[in-house]
Every structure is written in C-alpha cells, then in structure tokens.
Amino acid sequence: MKNFQMAFITSATTNRWLKLLNLLERHKTLSNRELSEAVQRSRRTIIYDIEELRSYFGDTMMIESTPNGYSFHEVRPKEYIELKRALLQNEPLFAILEHQFKGEYRSVSEWAAYFYVSESSLLRYLSLFEKALVPFQLSVDHKNFRLIGSETDIRNFFHTFYYESDATPHTVRPTIAVQNIVLDFFQTIRGETNNTSSFWYISYWLYIILERYQAGESVALSEDLKRIVLADEFFQEFQRLNQRIQTTFSLTLPLDELVYLFALVASNRGIKNYLAEISFVNRFDHWPELKGLTTQFCQLQQISDHEKTRDFVFLHSFFITEKIKQLISPTYNRSMEEITVYAQNQYPVEYEENKQFLLKQSIFAAEAISARFTLYFEGLKEKYWGTPRRIAFLLEGDALICLHINAFAVKYFGRYHTLHFPDSCEFSLDYVERNKVDLVVTNYAEYLEDYLLDVECLLIKSIPDAEDWNSFLKTINPKIIHNFTLQDVKKIAPSKSKNG
C-alpha cells in the first residue's frame with residue numbers, strides 16, 4: 001500500500017496493519033522494537049496485531065517469530081493481495097472519491113447517513129483528506145465534501161490515486177470500450193507520432209478525461225501549451241481520435257481536451273528509442289534555456305564526446321517533458337513520496353548533487369523533479385554507459401559445477417559482456433593478450449600463483465555462493481550493489497522420522 005493512499009484510511013487498526021505489512025514486505029525480517037517504533041505503538045500492541053494478522057490472512061502468508069524478530073513470507077501471493085485489498089472495502093473516503101470521480105456529489109449529512117457515522121466523525125476525516133491533497137494544490141469543500149481546485153489538478157490527483165497507486169476494492173478502471181480505442185487508435189498512430197506511452201497510461205488518462213468531461217468538468221489550458229501542441233506536425237493526425245470517440249460514445253471532445261491528452265501522451269518518455277527522442281526534441285525544442293540547462297549538466301558530469309550526442313538528446317528530452325508538464329500544471333512535476341525516498345536511498349550522493357544543480361538553475365522546482373531526474377539519469381547511465389568487459393572464466397573441479405557456472409554466466413551476463421571459457425591447456429598469457437581479456441574469474445587458486453597476469457583477477461569458491469556472485473557483480477559494476485544483492489537460499493534441514 002502506497003503511503004499516499006494510507007492518508008485516506010480512517011480505521012486506525014487497518015492503517016496500522018497495512019503499515020506493518022508494508023514494513024515486513026520490504027524488509028522481510030524486523031524486530032518487535034523496530035516495528036513498534038515505526039508505527040508508534042507499544043510492543044504489546046504489535047504482538048497482538050501480529051496474531052490478528054496471522055488469523056486474518058490464514059495460510060496465504062507466514063509471519064514467523066525468529067531470534068531476530070518477525071520474518072515475513074508470502075505463501076499464496078494472489079490470495080494474500082486479495083485479502084489485503086479487502087481491508088479497505090468499507091473505508092468511507094475511498095468510496096466517496098469513487099463517486100466524486102464520476103461527478104456524483106453529496107453533502108456531509110448525506111454521506112454520514114450513507115455510512116452510518118456521525119457528521120462530526122466524517123468532518124474529522126477531512127483532516128486526513130486535506131493533508132494528502134496539498135501536493136496537488138487542492139482542498140475540500142467542508143459542506144459538500146467536494147474537491148476544490150483546478151480541473152487539471154483534480155485529474156492529476158485521480159490519475160495518481162487510481163493508476164500510480166495500489167489497487168483497492170474502490171479502484172476505478174478504464175472500460176473495455178476505452179481500452180479498445182487505445183488498442184486500435186494508438187497502436188495505429190504509434191509509429192507515426194513516435195508515441196512511447198504504455199497502454200494503461202493512455203487508457204487511464206483517456207478514461208479520466210471522458211468521465212470528467214461527461215460529468216461537466218473541463219480543463220483550462222495555458223495559451224503557451226495550446227500554441228505548442230497545435231503547431232506540432234502530428235497533432236492533426238491525433239485529432240482523428242474524436243472520430244473513434246464519436247462512434248463509441250456519441251460525443252466529441254473539444255479542442256482543449258484533445259490538446260490536454262496529446263500533451264500528456266507526448267511528455268511520457270523513456271530511454272529505449274534514441275531516434276524517437278531525436279524526433280521529440282526536434283518537434284518541441286521551444287525553450288533555449290532548456291538546451292542551456294542540458295549543456296551545463298553535461299559539462300558538470302564531464303560526459304565524453306562520443307557519448308555527448310546521445311546523452312544530450314535524452315537529457316534535453318527529459319527537461320522538455322518536464323516543461324510541458326509544468327505548462328499543464330506545476331503539480332504534474334511532482335513525484336510520489338515513495339519515488340523520492342527510493343531515489344534518495346539508492347542514489348544519495350547523486351540525488352543531492354542533482355538537487356543542488358537544479359536549485360541553482362531555478363527553471364524547475366528542484367524539490368519536485370530531483371528524484372525523477374536522478375532515476376532517469378541513473379537509468380540512462382546504466383543502459384548506455386560503461387565498457388563491456390572481456391571476461392575469461394578459468395574453471396576447475398566438478399564438471400557439473402563448472403557447467404552450472406558457465407550456464408549462469410552466459411545467461412545473465414553474456415549479452416553485454418564478452419565471455420570466454422578456455423580450457424587449462426589453451427589458457428596462457430598469450431591467450432589473455434590475444435583475446436584482450438581484462439578480467440579473469442577462477443575457482444582454482446593455483447592459477448593465480450601460476451600466472452602473473454597483468455589484468456584484474458577474481459577468485460571464487462570451488463562451489464560459488466551468493467557472496468561470490470555479489471563480488472563478481474561488484475567487480476563489473478561497483479554501483480550495482482546499491483540496487484540489489486543475491487542471497488543464498490535458506491537451508492532447511494530435513495526432519496527425521498520417529499524411527500530415526
């Protein structure tokens with residue numbers, strides 16, 4: 001459950017249970033003290049909650065008591081997720097939002113009668129509601145329990161709540177009719193417009209636009225955004241979407257709604273297709289200051305000349321997408337809390353450096369885009385930076401163990417790196433030089449004594465374990481350990497029969 005959604009849970013017990021599950025799912029093993037401090041409840045309460053969770057979820061998951069605390073394991077993931085979602089079945093704020101999304105409004109007294117709660121209790125829930133709305137520049141009408149703010153920000157809130165967050169019993173999903181339009185129309189124009197947005201991303205936005213427009217709510221866009229979109233060479237092709245909407249729903253979206261959807265789809269980019277990003281940058285290069293910003297960042301990062309053209313295009317593309325989102329509304333630049341925390345934890349130094357760089361430029365709100373920019377740039381480096389290694393595996397010992405090491409290395413590392421598996425009789429200093437080997441991995445210590453190699457060497461165990469593979473990962477990419485490490489499978493001794 002996303003932290004963003006937790007703010008809408010009115011039941012203290014449900015809120016606490018989901019916090020405990022979030023922690024255990026993420027860390028697997030935590031002590032009673034750590035859980036107690038995290039949810040700010042007594043250790044006795046934690047013990048009681050753990051027992052209640054075991055009872056509620058049954059055999060869909062396990063929470064084991066260990067010397068280090070509580071250890072969590074999902075046993076039947078699908079059933080576990082269904083039971084977890086069911087905890088929110090009777091949450092009033094989730095139900096109210098579901099109705100508001102469709103333009104169905106009621107007064108506080110009517111909602112109180114609907115949920116069999118007092119008006120004072122329902123008004124107390126507003127404090128939960130309003131805190132979560134602050135990043136979207138929204139508030140709530142206390143009389144009618146209605147979202148107050150611009151329609152673009154309201155739609156951004158709903159997209160975050162239903163698409164970017166975890167599914168609940170109250171999650172609205174695009175109808176089959178909307179999905180068919182996206183499958184048909186957007187697949188047809190994908191190549192023509194260099195569209196890189198995912199199916200569900202487009203489906204949710206189109207569904208939100210149609211529902212809100214039919215409920216009488218329309219967006220008000222800046223003249224700058226409309227001017228830029230209307231000038232784009234592919235927008236005329238995009239307008240044919242109205243033909244499909246008219247056929248399916250017997251309505252036609254006004255120009256502003258089409259501009260809005262086009263801007264959302266166009267500004268949803270990736271790093272898979274360099275040529276697509278060149279096209280995007282050429283079409284939307286309307287801000288000289290963004291080119292200057294990209295140049296300064298490339299200089300700061302000392303990006304080499306042979307990488308500069310490619311990286312410059314991708315980084316320029318990122319800043320253009322943020323500018324387009326900013327023209328829709330500054331709230332579209334923000335990231336969910338989990339995204340920011342993830343970027344800060346995985347790349348603490350890089351995040352802070354990027355944030356300071358953006359603060360000095362004052363083109364964007366640095367706090368809003370620092371996390372996304374960090375993840376984008378680190379993803380760019382992970383995909384395109386670095387030099388493939390030429391690795392020789394010099395293996396001895398049990399034939400099946402050697403076979404396993406060979407297969408594992410080829411499957412997971414052979415596509416990017418050049419791997420060699422020489423036999424001991426063909427391995428020599430000349431072999432290393434001839435094949436330009438720059439890393440030798442061996443499970444036979446004697447080889448390190450027999451050859452005085454002028455290349456990096458890594459000694460692994462005769463039967464390698466997770467520690468060995470982690471050492472290998474760290475050798476070929478030191479930063480990869482920040483993201484993940486391998487772990488040996490937990491060994492469980494077989495139980496003995498009564499007869500021994």
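How far is the sulfur of C457 from the closest cysteine sulfur, and in which residue does that sulfur lie?

The model shown is predicted, so local features need pLDDT of at least 70 and side-chain atom pairs count only at pLDDT 80 or more, while totals for chains, interfaces and linings use all residues. Residues are numbered from 1 along each chain as its sequence is written, and side-chain values use heavy atoms, with hydrogens and water left out.

**View 1. Cysteines C457 and C425.** The sulfur of C457 is 17 Å from the closest cysteine sulfur, which belongs to C402, and this is too far for a bond. For C425, the closest cysteine sulfur is also in C402, at 14 Å, again too far for a bond. A search of the whole structure finds zero disulfides (pairs of cysteine sulfur atoms within 2.5 Å). C425 is exposed, with a relative accessible area of 69%, whereas C457 is partly exposed, at 33%. Buried means under 20% relative accessible area, exposed over 50%, and partly exposed in between (1.4 Å probe, protein chains only).

**View 2. Helix 16, residues 274-284.** Buried residues in helix 16 include A276, F280 and F284. Residues three or four places apart in an α-helix point the same way, because there are 3.6 residues a turn. At the helix start, a side-chain oxygen of N273 comes within 3.1 Å of the backbone nitrogen of L275.

**View 3. Strands 2 and 3.** Strand 2 (residues 61-66) and strand 3 (residues 69-74) run antiparallel and are joined by six bridges. A hairpin of two residues connects the strands, and I63 stands opposite F72. Helices (H or I, at least four residues) and strands (E, at least two) are DSSP runs, numbered from the N terminus; two strands pair if DSSP finds at least two bridges between them.

Definitions and conventions: A polar contact is a pair of N or O atoms within 3.5 Å; within protein, one must be able to donate a hydrogen and the other to accept it, and residues adjacent in sequence count only if both atoms are side-chain atoms.
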